[in-house]
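These are my notes from going through one structure. I wrote the entries in the order in which I looked things up.

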Amino acid sequence: MKLLDHSYRTLYSELAQRTLDAQFSSEFSIEGRFVSMESRSRRYWYFDLAKPGGGKQRRYVGPVDDPEISARVEHFADLKADHRARRKLVSTLIREAYLPRPDPLAGDIIQALATAGFFRLRGVLVGTVAFQCYAAVLGVRLPNTALQTGDTDFAQFHSISVAVEDAMPPVLDVLRAVDATFREIPHPADGRASTQFATRSGYKVEFLTPNTGSAEYDGRPAAMPALGGAAAQPLRFLDFLIYQPVRAVLLHGSGVPILVPAPERFAIHKLIVSVRRRTDNDGTAKSDKDRDQAVTLMVAMIETRQSEALAEAYMEAWDRGPAWRDAIGASLRALSEDARAQLIAPLAAAIRALGADPVSYDLPV
């Protein structure tokens, strides 16, 4: 696994800064103003814009304690878009640094949802397309990032969807602006709701949300007020994955600022779900892909001196209960000898450095 040259890591950091600046300046009219409000003991930025017929339109912006958001609020009037220059940065990172870019359709879909406000509303890109972003995030060339996928998955906490008191435009309209053949797929448990949307060619977009309640919610769609009419499929373990996501740039067009799971959470989550795949249809293949992605990210974090962040995520998941421990243990036992040799000792050493006993986490001393 090869580290990216420092110059390319610097270019990516600059692109990340400028894409977020550009998105911020394009989403908010200079005729409006920012206000901060408190909700559930935390302060958030909102943007107020006067309506032509009177009254005002209020949009959610983000937490006041997010320094990047607050800095942009402070310097809002000075933000400028530089579309052409950013396209050159994206092209350089793809052609010279060999960083992966998404399938064009996936890129257009993510761009459209970003413009519609999905990531501003604390939505998170998950799945294979998110995995492809970690090469730039970690500053390495990952060996298996050139993966094609027939779907793109998006996730949001239900609590956030309710609390922001803001919403995207109708999501079907947003998707049809990319491909006019997009249609809603009625949910099998409730045909009035849709968590999936598909094109005539079969490309799917799915919305997910964590299920931290009883098992009766596993198969039922959850209403998501912020998602422009889309519902979301509740999934176990997803709360661990999308907690405290990180900013990234999708290398598409002039760069798309997005949120993806923290790489250490993505890796441990993949360990867990890899043993919970059904064995029918392509479940085995998906399980292998999950485990390969987990190993790839774990090795990358170890080699870039981020073992302790990985260890913290591992311990958090392990401490969540028997079902979590069983899944992690089974996945580790399924690893090849080479993979175990790369991962187990460094992970145990990091746990020890954090003041815990690796044996308590089923890792040898």
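**Entry 1: overall form.** I began with the radius of gyration, taken over C-alpha atoms, where the globule rule is 2.2 Å times the number of residues to the power 0.38. For 365 residues a compact globule would come out near 21 Å, and the protein has 21 Å, which agrees. Along its principal axes, the C-alpha trace spans about 70 × 50 × 45 Å.

I noted the ground rules before going on. This is a predicted model, in which local features need pLDDT of at least 70 and side-chain atom pairs count only at pLDDT 80 or more, while totals for chains, interfaces and linings use all residues. Residues are numbered from 1 along each chain as its sequence is written, and side-chain values use heavy atoms, with hydrogens and water left out.

**Entry 2: elements, burial and surface.** I found 14 helices and 14 strands in the protein. Both are DSSP runs numbered from the N terminus, helices being H or I of at least four residues and strands E of at least two. Buried residues make up 53% of the 365; buried means under 20% relative accessible area, exposed over 50%, and partly exposed in between, with a 1.4 Å probe and protein chains only. The accessible surface comes to about 17,300 Å², and 49% of it belongs to carbon and sulfur atoms. These areas come from the Shrake-Rupley method with a 1.4 Å probe, and for residues only the protein chains shown count as cover.

I then looked at contacts, meaning heavy atoms within 4.5 Å. Among contacts between residues at least 6 apart in sequence, 66% join residues at least 24 apart.

**Entry 3: charges.** I looked up 44 positive and 44 negative side chains, and the centres of the two sets lie 3 Å apart. Lys and Arg count as positive and Asp and Glu as negative, with His and the chain ends not counted. The place of a charge is taken as NZ of Lys, CZ of Arg, CG of Asp or CD of Glu.

**Entry 4: salt bridges.** How many salt bridges does the structure hold? It holds 15, a salt bridge being a side-chain nitrogen of Lys or Arg within 4 Å of a carboxyl oxygen of Asp or Glu. Side chains of opposite charge can pair when their charged atoms come close.

I checked K56 and D48, whose side chains meet in a salt bridge at 3.5 Å, N to O. K56 is partly exposed at 49% relative accessible area, whereas D48 is buried at 5%.

D239 and R320 form another salt bridge, with the closest N and O atoms 2.8 Å apart. This pair links distant parts of the chain, 81 residues apart: D239 is in helix α9 (residues 238-242) and R320 in the loop between α12 (307-318) and α13 (322-333). D239 is buried at 16%, and R320 is partly exposed at 34%.

R265 and E316 also form a salt bridge, their closest N and O atoms being 2.7 Å apart. R265 lies in helix α10 (residues 263-274) and E316 in helix α12, so the pair ties together parts that are 51 residues apart in sequence. R265 is buried at 8%, and E316 is partly exposed at 29%.

**Entry 5: positive phi.** I looked for residues other than glycine with a positive phi. R122 has phi near 65 degrees and lies in the loop between α4 (104-116) and β5 (124-126). At 22% relative accessibility, R122 is partly exposed. E165, not a glycine either, has a positive phi of about 55 degrees. I placed E165 in the loop between α7 (158-163) and α8 (171-176), where E165 is exposed at 67%.

Entry 6: Which residues does V171 contact, leaving aside neighbours within four places in sequence? V171 is in contact with L113, F197, F207, L227, G228 and A230. V171 is in helix α8 and is buried at 2%. Its C-alpha is 6.8 Å from that of L227, which is 56 residues away in sequence.

D153 sits in strand β7 (residues 151-155) and is buried at 17%. Not counting residues up to four places away in sequence, D153 touches V124, L125, V126, E206 and L208. D153 and G127 are 26 residues apart in sequence, with 5.9 Å from C-alpha to C-alpha.
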